[in-house]
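Walk through this model with the structure open. Two places are visited in turn.

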Amino acid sequence: MTHQFPALSPEQKKELSDIAQRIVAPGKGILAADESTGTMAKRLQKINVENTEENRRSFREILFSSDPSIANSIGGVIFFHETLYQKSDSGKLFPQVIKEKGIVVGIKVDKGTAGLNGTDGETTTQGLDGLSERCAQYKKDGCDFVKWRCVLKISDSCPSALAIAENANVLARYASISQQNGLVPIVEPEILPDGNHDLQRCQYATEKVLAAVYKALNDHHVYLEGTLLKPNMVTAGHSCTKKYTPQDVALATVTTLRRTVPAAVPGICFLSGGQSEEEASLNLNAINQVPLHRPWKLTFSYGRALQASALAAWVGKDANKKAAQDAFFTRAKINSLASKGEYKPATPASQAAMQSLYTSSYVY
Amino acid sequence: MKTLLLCNLHIFTTVNLSLNGTMHHSHHICCWLLYQWAMGSAPASAAGSKSEDRNSPNTGTFISSKASSLSATMTHQYPALTAEQKKELQEIAQRIVAPGKGILAADESTGSMAKRLNPIGVENTEENRRRYRQLLFTADQRIDSCIGGVIFFHETLYQKSDDGVCFAKLIKDRDIVVGIKVDKGVVPLAGTNGETTTQGLDGLSERCAQYKKDGADFAKWRCVLKISETTPSQLAILENANVLARYASICQQNGIVPIVEPEILPDGDHDLKRCQYVTEKVLAAVYKALSDHHVYLEGTLLKPNMVTPGHSCPTKFSSEEIAMATVTALRRTVPPAVTGVTFLSGGQSEEEASVNLNAINTCPLTKPWALTFSYGRALQASALNAWKGDLNKEKAGTEEFIKRAQANGLAALGKYKSSGTAGAAAQSLYVANHAY
């Protein structure tokens with residue numbers, strides 16, 4: 001590997017870097033509105049709304065027609081393919097509505113997980129076939145970034161060396177192809193919170209996974225300054241009996257990232273996983289207050305943690321549109337503050353509780 | 001019973017929480033407060049025993065009987081170091097690269113010393129080597145603010161000053177950290193185009209334990225790679241990264257901070273871009289290996305080459321270009337957790353090494369680690385020349401060393417003003433980093 005065959009020209013690099021910087025500009029994060037049709041079924045079923053194309057359009061309309069000042073909190077929106085070609089009530093294509101607010105348009109490009117034979121139920125993610133052509137088309141249709149989700153899990157036998165290596169590799173291939181088409185790749189190696197493992201275990205697994213991801217990105221000659229990372233926060237498993245504070249989560253998370261994510265990566269946009277809206281905001285806020293040097297932006301790429309209240313307020317009724325929109329706007333604003341470590345929750349007690357709980361990073 | 005000693009009531013001064021800007025040295029961890037962790041509420045279930053066992057060696061009680069073949073997985077942690085061990089290692093590393101400080105690499109082997117002493121007409125005897133190192137180690141308090149660590153060669157660690165004081169003690173008593181070169185030189189990698197790996201792992205743990213007793217708190221191990229039409233090869237990169245990781249792991253077990261040195265030689269006619277590309281590949285492999293070997297990054301230092309064109313490259317590059325290429329390469333490969341980067345000087349002149357280090361520290365990109373020096377020749381060339389073995393010239397030699405130490409201390413802060421190059425001219429030469 002002695003000679004370089006540059007993958008990108010300086011102009012291409014600059015474009016990618018500029019897009020990434022715009023998405024994670026100070027105080028901004030990402031609205032992950034890329035739920036597939038199947039996933040939308042789960043969201044809508046919970047509020048007793050039928051999963052029709054019009055209902056899906058209606059709900060995204062509520063989010064996207066927010067006041068333009070939403071752009072102070074939202075730097076990018078991830079679309080699902082169907083939504084990219086739907087129109088607002090005023091007849092404008094959704095990407096255009098978003099772009100006019102100065103928000104960057106993104107698109108989910110993976111095609112879901114596929115089983116890794118010979119493993120304990122582990123998966124890789126498919127979608128590489130014809131990806132370059134699809135990316136080129138998405139770029140024409142207004143997208144400037146893309147998202148691809150890989151999934152790993154923690155158990156007594158997982159994640160296996162194969163799952164780690166295979167998912168890291170497929171993420172790197174996807175990232176490489178995206179950049180060739182002027183699209184900033186969001187790299188998402190999600191480690192599920194399912195299980196009864198503790199915080200330490202999740203940290204260990206996350207460090208190993210991220211080290212493999214960045215080695216793969218390097219091997220595939222991916223331009224790091226033109227990428228974003230979308231990882232899980234480091235948390236205990238859902239059924240872990242031990243409880244941890246946002247400070248524990250924050251220190252474990254930041255320690256992990258400092259050990260694995262090169263400073264050249266402009267931004268890290270956490271997924272919310274199974275966290276509640278408030279949990280996701282508190283944790284992000286604590287992360288941005290950790291007294292360790294953090295050379296990348298640390299912000300959000302939230303789906304449920306931005307939309308849960310909005311969905312609950314809407315329940316499919318036109319009359320509730322404003323209430324739903326306000327709920328979304330509120331969460332966006334809170335997470336914007338959290339991305340700067342400036343979120344002060346209403347309850348003074350919880351604030352005080354947060355102050356005193358930092359522990360030494362040597363323990364991590 | 002709490003086996004984890006979380007009750008460190010250490011309160012360190014708060015430094016530097018800024019995210020933006022150019023200079024970031026997390027040399028001091030902020031605000032450690034006592035924290036009654038959930039240990040107190042740890043459940044009596046198996047999960048509780050997990051936390052108890054976390055910091056005791058390999059009891060493996062949390063391994064499910066189902067998971068028979070753990071070799072294929074990397075799911076469970078078997079912590080290599082306790083919290084106390086980690087703390088000690090990180091603090092040593094931070095002391096070495098404290099703001100404005102760097103390393104004096106005085107670890108020339110007997111063979112290398114011949115190359116230094118012969119040109120100035122001095123016989124390469126043990127006594128002459130002792131007298132020469134004494135000249136450096138007895139420099140006055142002016143070096144205390146710019147030298148954080150000294151790397152010794154084995155022989156020197158046990159030599160004494162004229163007053164009968166062990167050199168190691170002399171250095172340690174001045175609050176300068178004592179280090180020791182522990183590798184045993186390069187050996188060829190058969191089937192490659194003249195590439196090498198480095199030996200010295202045999203009995204390394206025992207040697208480290210002894211060095212620790214004898215006053216050393218850090219170690220150095222040098223691997224060598226070269227750029228040519230066919231090198232560095234995949235094998236050379238992998239093998240050297242692996243041996244560096246093994247060495248680092250063993251050092252940390254013995255309370256010794258490992259300086260990881262993957263030197264890419266400046267020999268050749270390749271340009272700056274080529275060196276940057278190779279350096280990025282090599283460093284990515286090094287940090288993957290360190291992760292695989294469970295090395296605690298906060299308790300390590302990196303000693304890389306700066307990114308420069310080859311010696312016979314016809315194109316000239318400014319120190320700003322060298323700085324930008326170097327910092328870009330590091331930002332893409334060296335995790336922020338690494339406490340400091342201490343550059344080797346390679347074949348650079350004393351002034352060149354200082355000017356380049358200064359440019360690196362004024363490069364307008366976020367740099368989350370200390371960026372300083374670990375210089376041998378670039379700190380000693382003038383000293384050797386002023387001394388030439390003459391008893392009456394020892395003070396003059398020492399003065400030359402102090403001068404370079406101070407210059408590099410300033411360069412490590414981005415405050416060095418070279419008498420040579422025009423400052424204004426230097427300003428305009430930054431190339432947009434997308435070109436790197």
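**A buried arginine, then a helix pair**

Start with Arg332(B), in the loop that runs between α10 (319-331) and β9 (340-343) of chain B. Helices (H or I, at least four residues) and strands (E, at least two) are DSSP runs, numbered from the N terminus. The model is predicted: local features need pLDDT of at least 70, side-chain atom pairs count only at pLDDT 80 or more, and totals for chains, interfaces and linings use all residues. Residues are numbered from 1 along each chain as its sequence is written, chains are lettered from A and ligands numbered from 1 in the order in which they are written, and side-chain values use heavy atoms, without hydrogens and water.

Is Arg332(B) buried or exposed? Arg332(B) counts as buried, because its relative accessibility is 10%. Buried means under 20% relative accessible area (1.4 Å probe, protein chains only).

Which residues surround it? Setting aside neighbours within four places in sequence, Arg332(B) contacts residues including Lys13(A), Tyr223(A), Pro262(A), Gln276(B) and Glu280(B). Contact means heavy atoms within 4.5 Å. The Arg332(B) side chain also makes a polar contact with the side chain of Glu225(A), at 2.9 Å. It reaches the backbone oxygen of Tyr436(B) at 3.0 Å. A polar contact is a pair of N or O atoms within 3.5 Å; within protein, one must be able to donate a hydrogen and the other to accept it, and residues adjacent in sequence count only if both atoms are side-chain atoms.

Now turn to the helices. The axes of α3 (residues 110-117) and α4 (residues 126-137) of chain B come within 11 Å and cross at roughly 75°. That makes α3(B) roughly perpendicular to α4(B), a term for angles of 65 to 115 degrees. Axes are lines fitted to C-alpha atoms, for helices over the stretch in contact, and angles run from 0 to 180 degrees between N-to-C directions. Thr110(B), Met113(B) and Leu117(B) of α3(B) meet Arg129(B), Tyr132(B) and Arg133(B) of α4(B).

Note on methods: Parallel < 35°, antiparallel > 145°, perpendicular 65-115°, else oblique. Buried < 20%, exposed > 50% of the residue type's maximum accessible area, 1.4 Å probe, protein only.
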